[in-house]
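Dear colleague,

Please find the structure below, followed by a summary of what was found in it.

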Amino acid sequence: MLIRYKKTFEKIAMGLLSFMPEEKDVKKLQHTIKEYETNPNWFLFLWKEEDILGAIGLQLEDDTITIQHITVNPSHRNMGIGTKMVHAVKELYKDKYQVCSNENTKNFLDKCE
């Protein structure tokens, strides 16, 4: 299930986001987390089953929600968790916003369709 990011999950979220190639640099990763904490148009959700296994980051622009980050713990990949996160986000925002991808998430979102 999707749970909203909060500061107590910072280390877990940073660990998950660090698996994304564009977030390998520590300073970039810290900036990204700070943006999710302070920007009212950025939303970070974590995927929890028994443990927190994934993260999905969104950016709100007008009537569009852009999925800008999506990552799953490597030991839980290829189990459908990323797809579940995408579908949960689409369900959450279906009546208010169009959900789309950016260049980093496009290929994955195309596979989820």
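The model contains an open sheet of five strands in the order β1-β2-β3-β4-β5, with mixed pairing. Because β1 (2-4) and β5 (98-101) stand at the edges with a single partner strand each, one side of each has no neighbour in the sheet. From one strand to the next, the twist averages 35°. This is a predicted model, in which local features need pLDDT of at least 70 and side-chain atom pairs pLDDT 80 or more, while totals for chains, interfaces and linings use all residues. Residues are numbered from 1 along each chain as its sequence is written, and side-chain values use heavy atoms, without hydrogens and water.

Strands (DSSP runs of E, at least two residues; helices are H or I, at least four, both numbered from the N terminus) pair if DSSP finds at least two bridges between them. β3 (residues 52-61) and β4 (residues 64-72) pair in the antiparallel sense over eight bridges, and Ile56 has Ile70 in β4 as its bridge partner.

Helix α2 (residues 26-38) packs on the sheet and touches β2, β3 and β4 (contact: heavy atoms within 4.5 Å). Its direction makes about 105° with that of β2 (axes are lines fitted to C-alpha atoms, for helices over the stretch in contact; angles run from 0 to 180 degrees between N-to-C directions). Helix α1 (residues 10-17) lies across β2 (42-48), β3 and β4, at about 85° to β3.

Yours sincerely
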